[in-house]
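Work through the exercises below with the sequence and the model open. Try each task before reading its solution.

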Amino acid sequence: MQRSQVADNMNIDWDVPIETSDGTVLRADVFRPTKEGSYPVLLSYGPYAKGLAFQDGYPSAWNKMVAGHPDVPHGSTNKYQSWEVVDPEKWVREGYVVVRVDSRGCGRSPGYVDHFSPRETQDYYESIEWAAVQPWSTGKVGLNGVSYFGMNQWLVAACKPPHLAAMCVWEGSSDWYRDATHHGGIVSTFWANWYDIQVKSVQNGLGLRGPKSRVTGDLVCGPATMPDAQLQANRSDFGDDILAHPLIDEWHRERTPAWEQIEVPLLSAANWGGQGLHLRGNVEGYLKAGSRQKWLEVHGDEHWTHFYTDYGIALQKQFFGHFLKGEKNGWDERPPVLLQVRGVDGFTQREELQWPIERTVWTKFYLNGQDGSLSTEPPTEDAQITYTPDGDGVTFVSAPLERSTEITGPSACSLKVSSASADADLFLVLRVFTPDFREVTFQGAIDPHTPIGQGWLRASHRKEDPNLSLPWRPHHTHDEKQPMDPGAPVDLRVEILPTSIVVPAGYRIALTVRGRDYEFAKQTGERLGHFKNELRGCGPFLHDDPRDRPPEVFGAPVTLHFKAGQAHVLLPVIS
């Protein structure tokens with residue numbers, strides 16, 4: 001039940017009730033300055049249990065982050081750190097109220113778990129409006145948080161809560177189908193595994209079988225301890241729900257925002273290494289949002305890290321200071337795009353005026369089926385290459401670059417493909433190799449050996465929307481299947497997600513076309529405790545559910561057909 005205390009220079013209200021329009025009572029923790037008054041609010045709403053400490057729920061991620069970034073724990077007792085939301089100690093002292101709401105059915109909030117559903121978005125809307133009219137609130141509410149706490153911001157902002165004043169989406173996808181559940185039409189198995197490990201473990205009703213808060217001693221998942229059958233009845237079959245909707249239908253549409261309805265000022269922060277979930281949606285959301293005041297930032301490193309570093313917090317505080325407090329701090333003078341441009345040995349910060357960058361030289365690199373080369377000169381002879389999807393596919397490699405070359409932006413690949421069956425899954429990997437042919441990979445959002453860029457497409461999903469497709473970013477409709485005739489080639493355009501890399505002179509660019517997920521190595525020994533699989537190049541964002549990819553269809557040989565000058569990858573070379 002609700003109670004209050006003063007601790008660590010904050011007034012803290014635990015388990016504050018928020019009654020929703022259908023009578024369900026959500027629970028929130030509120031962290032306030034000790035000085036009486038009204039303050040702008042930073043609010044988050046999500047499923048990870050507000051009372052579960054980052055250090056307890058995700059110890060391997062926490063330990064890795066603080067070991068590599070000592071600025072993260074500095075200046076805080078870290079008692080109130082929670083997964084992917086702000087540390088109240090670093091924000092309350094700056095004159096903000098921090099509100100954490102457990103989403104319906106999770107943590108201390110009862111109800112039915114149905115992620116990103118209209119009911120959940122309505123709860124979020126009502127939580128914002130509740131916070132805005134509390135006596136400690138100025139009426140201005142900002143949204144902040146990583147991943148889930150960013151993804152649902154797009155949805156609620158499109159509903160236009162009257163008191164929503166600014167939003168910071170930190171590595172949160174926006175297109176439920178294309179970014180999250182079906183990459184190029186291929187099911188991502190991440191969500192089913194995520195649900196098992198990160199949601200069912202903190203479902204409301206676990207009670208005594210769940211964790212306890214290290215701060216209050218409360219049961220993180222509520223006072224009631226329910227039997228398994230009741231817990232199951234109180235949640236959706238999330239992984240199976242995704243499999244049951246292979247095309248974009250109403251289920252997907254109601255979990256995807258109407259971007260043009262978003263009008264609030266926004267900062268969208270993406271991760272170059274977040275190819276499986278935390279890149280495309282931040283970029284596309286920024287481009288599509290109707291907001292007149294919007295900014296795009298793209299960085300590297302682990303998915304959660306820069307949200308907590310001095311770099312990330314300074315960026316967030318300048319943004320929210322301007323829009324929630326009216327500070328004249330220079331934020332409105334910032335160019336709209338802030339990039340951490342990636343080199344082989346680090347990052348260089350650079351501001352830009354647009355995305356894609358205006359001075360991009362869109363350059364075709366042609367795939368040569370005769371010699372396996374990748375070149376700006378089109379081949380003159382036709383060729384064919386056949387590969388089996390369970391192998392490593394086909395790699396096309398450039399000559400050593402004559403000069404340092406920056407590739408920053410989205411890419412697209414045009415191919416002619418046939419299959420021995422009625423379908424084929426294409427996995428494309430943009431790669432860089434050293435002069436002695438060692439592959440250059442990076443610490444990605446999750447995986448320590450993330451490649452430069454990736455793209456996916458199921459051949460039967462090749463239909464494009466001509467009004468939304470761009471030369472560098474095809475837009476597939478995913479509203480019908482177009483099966484292949486076995487042995488008959490079809491034309492495909494594959495979206496390769498945005499990247500940034502300054503390739504040194506003497507290095508080589510490569511493109512691999514394959515029939516399964518990229519692997520840096522068969523074994524790496526790299527793991528994080530809240531993911532089921534070993535991290536071998538794609539993190540937890542795999543495409544290996546045999547129900548979605550029956551081997552009799554997607555295990556059939558695939559042939560690449562090379563007509564002179566046709567197969568190519570369009571790369572964003574920066575002049």
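Predicted model: local features only at pLDDT ≥ 70, side-chain atom pairs only at ≥ 80, totals over all residues.

Residues are numbered from 1 along each chain as its sequence is written, and side-chain values use heavy atoms, with hydrogens and water left out.

**Exercise 1. Strand E4**

Task: Decide whether E4 is enclosed by the rest of the structure, and find the strands joined to E4.

Solution. 
- Step 1. Helices (H or I, at least four residues) and strands (E, at least two) are DSSP runs, numbered from the N terminus. Buried means under 20% relative accessible area, exposed over 50%, and partly exposed in between (1.4 Å probe, protein chains only).
- Step 2. Check burial. In E4, 8 of the 8 residues are buried, so the strand is largely enclosed by the rest of the structure.
- Step 3. Find the partners. Two strands pair if DSSP finds at least two bridges between them. E4 runs parallel to strand E5 (residues 97-102), with 6 bridges. E4 also runs parallel to strand E6 (residues 137-146), with 4 bridges.
- Step 4. Leu42 stands opposite Val98 in E5. Tyr39 has Ser137 of E6 as its bridge partner.

**Exercise 2. Salt bridges**

Task: Which parts of the chain do the pairs Lys50 and Asp15, and Asp179 and Arg280, tie together?

Solution. 
- Step 1. Apply the rule. A salt bridge is a side-chain nitrogen of Lys or Arg within 4 Å of a carboxyl oxygen of Asp or Glu. The count comes to 46 salt bridges.
- Step 2. Take Lys50 and Asp15. Their side chains meet at 2.7 Å, N to O. Lys50 lies in the loop between strand E4 (39-46) and helix H1 (54-57), and Asp15 in strand E2 (residues 10-19), so the pair ties together parts 35 residues apart in sequence. Both Lys50 and Asp15 are buried.
- Step 3. Take Asp179 and Arg280. This salt bridge spans 2.8 Å, N to O. Asp179 sits in helix H6 (residues 176-181) and Arg280 in helix H11 (residues 280-288), so parts 101 residues apart in sequence are tied together. Both Asp179 and Arg280 are buried.
- Step 4. Look for a network. Salt bridges link Asp22, Arg104, Arg119, Asp123 and Glu126.

**Exercise 3. Nonpolar cores**

Task: Which residues touch the most other members of the largest nonpolar core?

Solution. 
- Step 1. Define the set. A nonpolar core is a set of buried Ala, Val, Leu, Ile, Met, Phe, Trp, Tyr and Cys residues joined through side-chain atoms within 4.5 Å.
- Step 2. The largest core has 66 residues, and Phe54, Trp191, Trp194, Phe319 and Phe320 touch the most other members. Helix H13 (residues 310-325) gives the most to this core, with 6 residues.
- Step 3. Separate the second core. This one has 40 residues, including Ile385, Tyr387, Ala459 and Tyr507.

**Exercise 4. Gln523**

Task: Is Gln523 buried or exposed?

Solution. 
- Step 1. Locate Gln523. This residue is in the loop between strand E22 (508-514) and helix H14 (551-554).
- Step 2. Read the area. Gln523 has a relative accessible area of 67%, so it is exposed.
- Step 3. List contacts (heavy atoms within 4.5 Å). Not counting residues up to four places away in sequence, Gln523 touches Glu534 and Arg536.
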